Amino acid sequence: MDLLEKLFSKHINKFRSLETKLKNISEVRLNDASAKELKSRVMHAVNFGKPVEENFFVALTEKIKNLASQIQPSAYFRSMLKEKMEVIVESGRHSKWASASMYRRTFASALAVIFVVGVFFNFGYRVNRAEASVMTIIDQISGNVTVVRDNKILIAEPGLLLLADDTIKTGPGSRAIIRFLDQSVSRLDENTDVKISKLYVNPNNKTETIVEIIIERGRIWSRVVNLINDVSKFQVKAQNTIAVAKKKAAFDVKIPAGGSAKISAIQNHVDLVVATNKTVVETTLVKGFAAEQGTIKNTEVLEDAWITDNLEKDRVYIESVKKDVQNSFNPVHAVQQLTNDTQIVLTIDDVSKQLKILNAAKSILADARVYLEKGEIQKAQDTLNYFKSQIESVSNWAKENQAKNPAGAASVSSQLQEMLDSYQKQLSLLLPADSLYLIKQTVSEARVIIATTPNKKTEERLSQASSKLLEVQDLIEQGDTAAATRQVQEYNKAISDVVTDIKQLPIDQKEKAVTAILNTKAEDLKALEAASTTSMPTMPTQTQVTPPTSLELQQTITDAKTESLSKVGEVVLDAQMGQPSASILKGVETMNNIEVNGKSVIDLKISNDGIMIRTEATQIDVIQSETSTTTTITSPTTNTSVTTPLKLIPAILTTPLPTTN
Amino acid sequence: MSQELHSEHVESLVINSQNGDADAFGKLYDIFLQPIYRYVYYRAGKEEAEDLTELIFLKTWEHIRKYKRGKYSFSSWIFRIAHNVVVDYYRGNKKEEELPEELEDNRKDNQADTHTRRLLTNEILTFALKELKDQYRQIIILKYINELSNEEIADILGKSQTALRILQFRALRQLKNILTDKGITDSQA
């Protein structure tokens with residue numbers, strides 16, 4: 001070894017551990033969708049001999065577009081820039097690529113103008129909490145709060161990034177708030193230790209998230225605001241019990257010193273798994289019920305100051321998230337629109353063109369927001385219809401090019417899906433009275449439009465129906481029972497429409513659709529039970545009268561349960577054609593396994609020509625003969641029954657009717 | 001660095017690409033995408049990484065007939081293109097003056113007086129890399145993240161291996177000083 005080598009080895013040893021860390025630094029990867037899209041662009045240039053400068057020209061215009069979306073120049077600069085761009089568009093139609101350098105200089109000067117304007121007018125870019133923030137952080141603290149990481153103790157500060165395997169500890173008189181990557185929040189009471197066991201975000205679709213935490217002692221309140229897909233969940237483990245929220249929920253978990261864990265469902269519902277020495281019990285807790293030491297009971301939660309205080313803080317938090325959503329739909333100026341249209345025209349590569357159309361569609365939603373806020377509903381509706389048509393056009397391109405350009409089609413489909421998923425998540429908190437609710441409905445409709453198979457369409461429509469039940473619970477919490485009643489009726493109609501369409505499907509597609517409806521119905525039943533419990537009128541005192549709207553809501557929910565179950569019964573019978581398939585039987589088993597508050601809520605049996613569905617309040621028998629299908633609903637409590645050929649009359653069980661058979 | 005980047009398979013794909021075989025170039029893209037992306041990511045940042053990666057591959061295609069096996073491996077050659085593209089990008093986006101190489105960094109060790117003791121997490125290391133002088137950052141990235149050999153790095157940077165070793169030592173020293181300022185002590189690093 002020469003002298004230099006020896007000297008180097010002697011000194012470099014000082015940095016051995018640093019070198020090891022560098023080698024083990026998290027590997028950065030371009031995700032598969034972006035890699036495919038990039039390859040598509042590169043290979044297009046390779047195959048069609050497009051000059052390098054022209055690609056860079058397009059990339060540069062993309063930069064300008066992105067920048068323009070963040071600032072708002074004055075009228076003078078807008079018109080100057082518009083003039084320059086019009087010249088470029090016009091000359092770009094006729095010139096060869098050799099002029100690209102001229103275009104770059106002109107764009108560069110335009111860019112410089114924008115920068116100057118930005119400096120002078122100080123257009124800030126507001127960090128938007130409603131957008132994809134995939135971090136989990138300490139949001140607020142009071143008192144002594146620490147984070148244990150890799151056996152080292154960190155003093156917690158607001159903004160501290162939290163990682164999987166971190167344990168957050170609050171001391172006496174101390175509290176902390178954690179904001180999770182899925183927009184859920186947890187509030188830790190004093191003397192609480194909580195470990196984060198899992199934090200997951202799908203890198204290709206940031207709306208797919210999993211959060212798992214373990215409370216080791218103390219008390220934690222959790223508010224889950226807007227999980228939207230089947231894979232997402234928020235889970236809290238306490239001793240031998242796991243509480244899981246899948247869409248929206250507020251729940252409290254407490255482990256007193258030396259005591260047993262108590263889980264209380266405060267709003268919506270949470271699924272519980274309790275492991276004992278002998279067995280594992282799965283059930284669902286709805287609002288107003290708590291589980292402790294294997295027993296479930298109704299609990300007077302509202303008298304607890306911790307609960308009322310957190311409910312109020314949740315209300316404030318949800319309002320701020322909704323406000324961020326509204327602000328995220330920023331209208332764009334003429335410059336931006338011109339840039340969007342210019343780029344779409346100038347883009348030769350098909351995949352890039354579709355992605356630019358998608359990007360421009362975001363501006364359309366922003367325009368709709370403006371119209372809605374001004375009360376110009378018809379203009380808003382027209383704008384939203386245009387949005388849907390653009391989405392449909394991109395979706396159709398992807399479907400048509402699946403064989404010809406699989407990588408490009410996959411990339412476009414993936415980005416389209418992620419865009420709509422992200423909007424759905426952001427908008428999920430909106431209720432019918434909110435000004436942007438029409439946008440929420442439009443996004444749901446767009447998701448149905450882009451579904452590539454009849455089964456996927458069915459799943460999307462069922463998902464839309466289920467989301468109405470979540471709105472019902474929010475409306476009940478707000479005290480708007482009239483609106484809640486309307487949403488239950490909307491849910492009912494949606495299920496009825498889906499069932500009608502499923503019956504028209506070819507036989508090979510019916511089975512999948514029926515399995516989807518059985519799986520969705522299982523979750524819907526839990527939501528209906530939760531809504532039913534929430535809406536249950538309290539026992540009137542001598543001076544208090546139960547409001548008629550609460551009674552009407554309660555009845556509507558009961559009718560919705562009955563009618564939707566009978567529709568499900570009909571469609572199952574229609575699909576099985578005499579012999580239930582394995583997937584349908586599995587769906588039936590899922591339904592039968594539903595327990596709410598420790599009790600089974602449904603008993604479903606199918607035979608070759610009939611299906612029997614029994615709940616606490618009703619028994620539904622659907623019988624199929626060669627010529628017709630009849631549905632009989634019996635109420636064991638009132639000892640009445642009604643038989644109809646297929647269609648059920650709503651609210652039929654409010655008054656006893658003579659038996660017609 | 002992965003054996004794949006130096007294999008005969010790569011060289012035969014290069015030859016086919018030079019003969020106009022677009023599929024062969026597509027396979028080269030698949031092999032080199034992630035290493036090139038990683039290099040650009042750490043040198044120019046996440047936002048520019050995709051665009052610059054695209055440009056690098058387009059330039060590679062444009063100039064592929066100029067590559068001659070012998071003096072440099074193909075991986076050295078494509079990383080050389082990547083280096084030049086990033087340098088061009090910096091020229092167009094110059095934000096701050098780089099300190100001259102000879103200037104000593106006299107910050108002391110263990111100056112952390114924050115009450116929060118920090119660990120050398122990947123996040124902190126990534127942030128620290130961004131604060132390095134560009135030339136030092138480049139060496140760290142090529143050596144430890146892209147895992148190129150000293151010979152390849154010397155080819156890419158146009159320096160002798162001796163000069164490279166000195167730069168490597170200085171890079172690690174500056175990185176360590178930056179980490180110390182962030183509260184990472186010797187025992188934690």
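This is a predicted model: local features need pLDDT of at least 70, side-chain atom pairs count only at pLDDT 80 or more; totals for chains, interfaces and linings use all residues.
User: How do you get accessible areas here, and what's the total for chain B?
Analyst: Accessible areas come from the Shrake-Rupley method with a 1.4 Å probe, and for residues only the protein chains shown count as cover. For chain B the accessible surface is about 9,300 Å², with 45% of that belonging to carbon and sulfur atoms.

User: How many helices and strands in chain B?
Analyst: Chain B has 8 helices and 0 strands; helices (H or I, at least four residues) and strands (E, at least two) are DSSP runs, numbered from the N terminus.

User: And how much of chain B is buried?
Analyst: Of its 189 residues, 53% count as buried. Buried is under 20% relative accessible area, exposed over 50%, and partly exposed in between (1.4 Å probe, protein chains only).

User: Switching to chain A: is Ser564 buried or exposed?
Analyst: A:Ser564 counts as buried because its relative accessibility is 0%. The residue is in helix H16 (residues 548–576).

User: What does its side chain make a polar contact with?
Analyst: The side chain of A:Lys521, at 3.0 Å. A polar contact is a pair of N or O atoms within 3.5 Å; within protein, one must be able to donate a hydrogen and the other to accept it, and residues adjacent in sequence count only if both atoms are side-chain atoms.

User: How many salt bridges over all chains?
Analyst: The count is 39, taking a side-chain nitrogen of Lys or Arg within 4 Å of a carboxyl oxygen of Asp or Glu.

User: Where does A:Lys287 come in?
Analyst: A:Lys287 forms a salt bridge with A:Glu477 (2.9 Å, N to O). That pair links distant parts of the chain, 190 residues apart: A:Glu477 is in helix H13, and A:Lys287 is in the loop between strand S13 (280–286) and strand S14 (289–292).

User: What about A:Arg461?
Analyst: A:Arg461 meets A:Asp501 in a salt bridge at 2.6 Å, N to O. A:Arg461 lies in helix H13 and A:Asp501 in helix H14 (residues 481–504), so the pair ties together parts 40 residues apart in sequence.

Notes. Residues are numbered from 1 along each chain as its sequence is written. Chains are lettered from A and ligands numbered from 1 in the order in which they are written. Side-chain values use heavy atoms; hydrogens and water are left out.
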